[in-house]
Amino acid sequence: MRLVLLGPPGAGKGTQSARLVEKLGIPQLSTGDMLRAAVAAGTPIGLKAKAIMDAGQLVPDAVVIGIIDQRIDAPDCANGFILDGFPRTVAQAEALRELLARKGIGLDAVVELVVDDTKLVERIEARSRDFGGRRPVRADDNPESFKTRLDAYRQQTAPVSAHYAQKGELKQVDGMLPIDDVTAAIDKTLGH
Ligand code: AMP
């Protein structure tokens, strides 16, 4: 199963991806995680991406497309994968289609977690209050960067859902439901 999970920051993509990994036995490919690993390792990509990520903006398309193109060739992706946080622009969605076609494969499903923007801001504000002065786990998990991430989502990533919807490939799930209900809705959508 080759799956794309779409949804704004804070929608629960990470949580739902982890459950799908368990159930389907395929890896989660999170461009955010891969970029954070590159930052931590101090690779040339990491050095370039750090400031952009900390500000909550999107790193250049070519960088993430290159990362995904390579990662999909790894043996653990032979039976499929869950893309989490990619594609984030229409250009990335088009590049993904092309690179998969080049490899002789395609997507099986595109699932979007639909959530209310106001609720997301409330959630992230509550999350940063919970840090209680401790250093946040992620440098971009603060209200200012979160707002930029949400703006980037609205401007650059929301059109990605429209792109897949236009092709009749988009399946939407209510991401405001309790976590287990969202999982059940995704399972139903995927026919499990
Ligand atoms: P995430 O963990 O998915 O929220 O991603 C964290 C940050 O990594 C984002 O705010 C972006 O700066 C960067 N990033 C992750 N995935 C992408 C992508 N597909 N395109 C551009 N930037 C990305």
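A: Grid points are joined across faces, edges and corners, and a volume is the space filled by probe spheres set on the points. The model is predicted: local features need pLDDT of at least 70, side-chain atom pairs count only at pLDDT 80 or more, and totals for chains, interfaces and linings use all residues. Residues are numbered from 1 along each chain as its sequence is written, and side-chain values use heavy atoms, with hydrogens and water left out.

Q: What is the volume of the largest cavity?
A: The volume of the largest cavity is about 30 Å³. The structure holds one cavity of 30 Å³ or more.

Q: Which residues line it?
A: Ile 45, Lys 48, Ala 49, Ile 52, Val 59, Pro 60 and Val 63 line the largest cavity. Helix H3 (residues 44–55) supplies the largest share, four residues; helices (H or I, at least four residues) and strands (E, at least two) are DSSP runs, numbered from the N terminus.

Q: And where does the ligand sit?
A: The ligand sits in the largest pocket, meaning that more than half of its atoms lie within 2 Å of the pocket's grid points. That pocket holds about 920 Å³ of space. It is lined by 44 residues, and the closest to its centre are Pro 9, Lys 13, Arg 88, Arg 138 and Arg 149.

Q: Which helix gives the most to the shell around the ligand?
A: Helix H2 (residues 31–41) does, with four residues. H2 also provides the largest share of the lining of the largest pocket, five residues.

Q: How many residues surround the ligand?
A: There are 16, and the closest are Thr 31, Arg 36, Gln 57, Gly 85 and Gln 92; a residue counts as near if one of its heavy atoms lies within 4 Å.

Q: Changing topic, where is Pro 87?
A: Pro 87 is in the loop between strand S3 (81–84) and helix H5 (90–102). The peptide bond from Phe 86 to Pro 87 is cis, with omega near 0°. Most peptide bonds are trans.

Notes: On a 1 Å grid over the protein atoms alone, a cavity is a set of points where a 1.4 Å probe fits but cannot get out, and a pocket is an open set with protein on both sides within 12 Å along at least five of seven lines; lining residues have an atom within 4 Å of a point.
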